[in-house]
Amino acid sequence: RLDAPPARIVSLLPSLTETVCALGACARLVGVDRFSNWPPEVRQLPQLGGGIDPNVEAVLRLRPDVVLVSHSGRVGERLRSLGLKVVVLEPKSHADVRRVLDAVGQLLGLPQAEGAGRVWQRIERGLAEVAATLPEQARRARVYVEVSRGPYAASEASFIGETLARLGVANVVPAALGPFPKLNPEYVVRADPDVIMLANRTMQAEVDYPGWRAMRAVREQRICLFSVDDAEIVVRPGPRMDQAARVMADCLKAMRP
């Protein structure tokens, strides 16, 4: 519980940093994790390590009114034990993004219509507009999205899979495998996707998994290797999900599956 809306906020998750800024409260941020880089002005803030392994002493020195952390960070308990106010939030789906927007908007003391409601309407409008631009031929594509070397894929159950579904595009990795399963490379060969999207942060252009060079999508170069900036947009569940849809739609249009 806070006596008043926080004036000094530390965010230890990029999607939460982006959410605070999307709600017009970037000026309240006093520190962020090392991966928070959007909007560009947050790069000027003190970087406090990773969300899982932040520099706790540096966080304390900033005297934040509240610290935003993820469920997976586990640092929340330690920060609380040191007397800090901690809010744990971690969007993993489109519905989660809406809930996180609402929660952060309430935390900031913003009227719903002026804060979370406005941002969510913009996201929804953007998703619909992007979907409307996708040609019927592109909608018929069966897509594989890699989010990390392994390969780790984005399935139908992930927020990326939900965005593909909003575009009307089929995902070759079913929800039953979990949101981001590690796959046997042979699984992808058997799935035989029409288009491969590489949003892995290592940005390896080589498709060097066993058997992949025999896949039709590889032979015909139906591969989108996203730039670092575009990959970050695609893999972050937050207020730029409409831009993520545009990145994936542009890939599909270019591939002409």
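Trainee: A helix here is a DSSP run of H or I, at least four residues long, and helices are numbered from the N terminus. What follows helix 4?
Mentor: G109, and its phi is positive, near 80°. Keep in mind that this is a predicted model.

Trainee: How far apart are the end C-alpha atoms of helix 4?
Mentor: They are 21 Å apart. Helix 4 has 15 residues, 94–108, which at 1.5 Å a residue should span 21 Å, so the two values agree.

Trainee: Which residues of helix 4 are buried?
Mentor: H94, D96, V97, V100, L101, V104, G105, L107 and L108. Viewed down the axis of helix 4, the buried residues fall within an arc of 165°, so they line one face.

Trainee: And which exposed residues sit on the face turned away from that buried side?
Mentor: R99 and Q106.

Trainee: How many bridges join strand 3 to strand 4?
Mentor: Three, with strand 3 covering residues 66–69 and the two strands running parallel. Within that pair, L68 is opposite V87 of strand 4.

Trainee: On to the core. Which residues in the largest nonpolar core touch the most other members?
Mentor: V143, I160, M197, F226 and L252, in a core of 57 residues. Helix 11 (residues 241–255) gives the most to this core, nine residues.

Trainee: What does V143 touch?
Mentor: Leaving out residues up to four places away in sequence, V143 touches L164, V169, A170, N171, V172, P193, V195, M197 and L252. Another core, of 16 residues, lies apart from the largest one; V173, A191, I196 and M215 are among its members.

Trainee: Last one, T133. Where is T133, and why does it count as partly exposed?
Mentor: T133 lies in helix 5, residues 116–133.

Trainee: How far is T133 from V207?
Mentor: They are 74 residues apart in sequence and 29 Å apart in space, C-alpha to C-alpha.

Methods. Residues are numbered from 1 along each chain as its sequence is written. This is a predicted model: local features need pLDDT of at least 70, side-chain atom pairs count only at pLDDT 80 or more; totals for chains, interfaces and linings use all residues. Side-chain values use heavy atoms; hydrogens and water are left out. Two strands pair if DSSP finds at least two bridges between them. The expected span of a helix is 1.5 Å times one less than its number of residues. Buried means under 20% relative accessible area, exposed over 50%, partly exposed in between (1.4 Å probe, protein chains only). The arc is that of the directions from the helix axis to the C-beta atoms. A nonpolar core is a set of buried Ala, Val, Leu, Ile, Met, Phe, Trp, Tyr and Cys residues joined through side-chain atoms within 4.5 Å. Contact means heavy atoms within 4.5 Å.
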